[in-house]
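Subject: Structure handover

Hi,

Here is the structure I promised to pass on. Please look it over first; my notes follow below.

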Amino acid sequence: MDEQLLSKRFVIVVGKGGVGKSTVASTLGRIAASRGRRTVIAEFSDSASVPRLFGRSSAGYKPVLLEKNLFALCIRPEPALHEYALRKIRFESIYRLVFENTAVRRLLRAIPGLTELLVLGKAFDLEREKNVRGDQAWDLVIVDAPSTGHGVNLFRLPQVLLELVQRGPLADEARAMRSLIQDKTRTVVHLVAVPEELPVQETLELAEAVKTDLGMHLGLGFVNRVWPDLADSESCDVLEEVRETEEPDLVKAIACFDHLQDRRRAQEPHLDVLRQGLEIPLVPVSEIFDVDFGLDALERMGDEVERRIEKQEKS
């Protein structure tokens, strides 16, 4: 389990929008935190999906405590610019004079890739951040990355910058970022999909881009919302014996069973495509039918993920 999930310090969770990246990131964060790892989950958006799973309305630019050893934050461009600029010029008054000038703000917004560089730089700062004793501030940094295409472009940015600028502070920063994302001893990319045609196709394309274009290390493929497979031979034999019943409750139960099986059969071809197309272990995660997805659902999801990975390791 530790080798599969917790051996890398910088973990990137990426996939198509709506496939459950935040729930996977939160599940991995809880597993790590339960093992005593001081863990932070970083989101690149204002939506703050992760804190809501823990019953919090939002998270700010500074990490907030979700549970013991588990924190979250939302990385946004303006606070990232403020932090970076103060690190360089050291005086708040000079920052306000320069960077709160309307003309300067317009110029900064017009620079291609600056926003992405700022948020990416903050994520990398978390990985190298030190505490007052000089130790690593975080045992594990989990990045809940933007959706597929945007996420790939974001992590391609350091290489793009190095092709444009070879010297100076910006080049040094880009070189350090590229070094981290391509370091297989520190960084891993976990993919998230659901068993549907478009997300599966995007996941295969994403896996190729991560390996070939970005030179990054792939870890696991999480497949969310897999419906239960109830069709063991004993259950099917029993059902065949009672299908002609006119008992209303039994008729409804059989219809429910058939619906579940139809949904699962529709997912199987997509699961097969992922099994054949991805050269990484797949971790199916069952559909959770809770009306409100919260801590109870995360608990069950975490238990299942741990069971499935342990089973893979034993087989």
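Of the 315 residues of the protein chain, 44% count as buried (under 20% relative accessible area; exposed is over 50%, partly exposed lies in between; 1.4 Å probe, protein chains only). This is a predicted model: local features need pLDDT of at least 70 and side-chain atom pairs count only at pLDDT 80 or more, while totals for chains, interfaces and linings use all residues. Residues are numbered from 1 along each chain as its sequence is written, and side-chain values use heavy atoms, with hydrogens and water left out.

The chain has 13 helices and eight strands. Helices (H or I, at least four residues) and strands (E, at least two) are DSSP runs, numbered from the N terminus. Among contacts (heavy atoms within 4.5 Å) between residues at least 6 apart in sequence, 72% join residues at least 24 apart.

The sheet

Eight strands form an open sheet in the order S3-S4-S2-S5-S1-S6-S7-S8, with mixed pairing. Two strands pair if DSSP finds at least two bridges between them. Strands S3 (64-67) and S8 (282-286) are the edges, each pairing on one side only. Neighbouring strands are turned by 25° against each other on average, direction ignored. Axes are lines fitted to C-alpha atoms, for helices over the stretch in contact, and angles run from 0 to 180 degrees between N-to-C directions.

S6 (residues 187-193) and S7 (residues 218-226) run parallel, joined by four bridges. Val189 stands opposite Leu218 in S7. Helix H10 (residues 197-213) lies across S1 (10-15), S6 and S7, at about 170° to S6.

Thr187

Thr187 sits in strand S6. Its relative accessible area is 1%, so Thr187 is buried. A polar atom of its side chain lies 2.7 Å from the backbone oxygen of Leu180. Not counting residues up to four places away in sequence, Thr187 touches Lys8, Phe10, Ile12, Leu180, Ile181, Met216 and His217.

Around Trp138

There are three aromatic pairs (ring centres of Phe, Tyr and Trp, its six-membered ring, within 6.5 Å; planes under 30 degrees apart are stacked, over 60 edge-to-face, the rest tilted). One is Phe71 with Trp138, edge-to-face, at 5.3 Å centre to centre and 70° between the planes. Phe71 is in strand S4 (residues 70-74) and Trp138 in the loop between helix H7 (114-128) and strand S5 (140-144), 67 residues apart. Both Phe71 and Trp138 are buried. Arg38 lies over the face of Trp138, 4.6 Å from the ring centre (CZ of Arg or NZ of Lys within 6 Å of the ring centre and within 35 degrees of the ring normal).

Best wishes

Technical notes: A polar contact is a pair of N or O atoms within 3.5 Å; within protein, one must be able to donate a hydrogen and the other to accept it, and residues adjacent in sequence count only if both atoms are side-chain atoms.
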